[in-house]
Amino acid sequence: MNFIGIIPARYASTRFPAKPLALLGGKPMIQRVYEQVVPMLDETIVATDDERIFKAVEDFGGKAVMTDVNHKSGTDRCCEAYHLHQKPYDVIVNIQGDEPFIHPQQIAAVKACFDDPYTQIATLVKPFTPADGWTALENVNSPKVVVDRRMQALYFSRSIIPFQRNRDKAEWLTGHTYYKHIGLYAYRAEVLQEITALPQSSLEIAESLEQLRWLENGYTIKVGVSEMETIGIDTPADLEAAERFLKAHMHSSL
């Protein structure tokens, strides 16, 4: 199988305008993401809606395509970019453009989900540990995932699922393995085309999680497990924290 990585990168952001161009360790954030994943994929492109991002990618030697400014999700932007690229691939990997510390092993894990010929869509999770604490578990910006015995997603929620009715909440993290969703997706090419044509679903609207639209319409999502934490950058304060993290890990592969 062959895999293309697409990194959606839009210019406008309410909390952090021009985020893909923000410098991290002297490089634009989009370059950090690109360089992390390139070795793991057959091809990688940035899907952007802004000429400044397009030029920045070309300047560091990357590949980029211009996409519509009105897309509502990264999945939609990936689909357009894939069609504009006009080169067939078996699987499209949707990589968050604001996670410059994504691990190559995480790309490998989501690719491995397609060793199962029935996999339509794949994503990753990271187990919560007791050390993470209750605050991390109840964070609504950190969706939780329930899986079945075949590691297929049953449901995603911003709430804590499952609810442990007969156990004190102080014991929840020791009494059950909760999974934190990592926002990395991969789709078979034909499935990506189908899911982007679907209208928004009631569950998606309720939780503001687009993957619920896919589940609600009968698609299956294979779940791979990663023990590695990613660091998403949503605000300038997050960028400052990422800069500190980078300096502390200057001698690693990051």
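## Ground rules

Since we're looking at a predicted model, local features need pLDDT of at least 70 and side-chain atom pairs count only at pLDDT 80 or more, while totals for chains, interfaces and linings use all residues. Residues are numbered from 1 along each chain as its sequence is written, and side-chain values use heavy atoms, with hydrogens and water left out.

Helices (H or I, at least four residues) and strands (E, at least two) are DSSP runs, numbered from the N terminus. For burial, the scale goes like this: buried is under 20% relative accessible area, exposed is over 50%, and partly exposed is in between (1.4 Å probe, protein chains only).

## Aromatic pairs

Let's start with the rings. There are nine aromatic pairs in the structure. Rings of Phe, Tyr and Trp (its six-membered ring) pair if their centres lie within 6.5 Å; planes under 30 degrees apart are stacked, over 60 edge-to-face, and the rest tilted. One of the pairs is Phe 3 with Phe 114, edge-to-face at 6.2 Å centre to centre and with 70 degrees between the planes. This one links distant parts of the chain: Phe 3 sits in strand S1 (residues 3-9), and Phe 114 in the loop between helix H4 (104-112) and strand S7 (121-127), 111 residues apart. Both Phe 3 and Phe 114 are buried.

Tyr 187 and Trp 214 make an edge-to-face pair too, because their ring centres are 5.9 Å apart and their planes at 80 degrees. Tyr 187 belongs to strand S10 (residues 179-188) and Trp 214 to helix H9 (residues 211-216), so the pair ties together parts 27 residues apart in sequence. Tyr 187 has a relative accessible area of 0%, so it is buried. Trp 214 is at 1% relative accessibility and therefore counts as buried. Elsewhere, ring pairs link Trp 134, Phe 163, Trp 172 and Tyr 178 into a cluster.

## Salt bridges

A salt bridge here is a side-chain nitrogen of Lys or Arg within 4 Å of a carboxyl oxygen of Asp or Glu. By that rule you get 10 salt bridges. Glu 43 takes part in one with Lys 63 (3.0 Å, N to O).

Lys 87 is partly exposed because its relative accessibility is 42%. Then there's Arg 52 with Asp 50, another salt bridge (2.8 Å, N to O). Arg 52 is partly exposed at 46%, and Asp 50 is buried at 11%. Lys 19, Asp 98 and Asp 234 are linked in a network of salt bridges.

## Surface charge

Asp 42, Asp 90, Glu 190 and Glu 194 gather in a patch of negative charge on the surface. Patch members have over 30% relative accessible area and no salt bridge, with like charges joined within 9 Å and nonpolar side chains (Val, Leu, Ile, Met, Phe, Trp, Tyr) within 5 Å. Glu 190 is found in helix H7 (residues 189-195). Its relative accessibility is 46%, so Glu 190 counts as partly exposed.

The peptide bond from Ile 161 to Pro 162 is cis, with omega near 0 degrees. Pro 162 falls in the loop between strand S9 (153-157) and helix H6 (172-175).

Ala 18 isn't a glycine, yet has a positive phi of about 60 degrees. Its place is in the loop between S1 and strand S2 (23-24), and Ala 18 is buried, with a relative accessible area of 17%. Ser 208, also not a glycine, has a positive phi of about 55 degrees. You'll find Ser 208 in the loop between helix H8 (202-207) and H9; with a relative accessible area of 52%, Ser 208 is exposed.

Notes: Areas by Shrake-Rupley, 256 points an atom, 1.4 Å probe, with all protein chains shown as cover. Lys, Arg positive; Asp, Glu negative; His and termini not counted. Charge placed at Lys NZ, Arg CZ, Asp CG, Glu CD.
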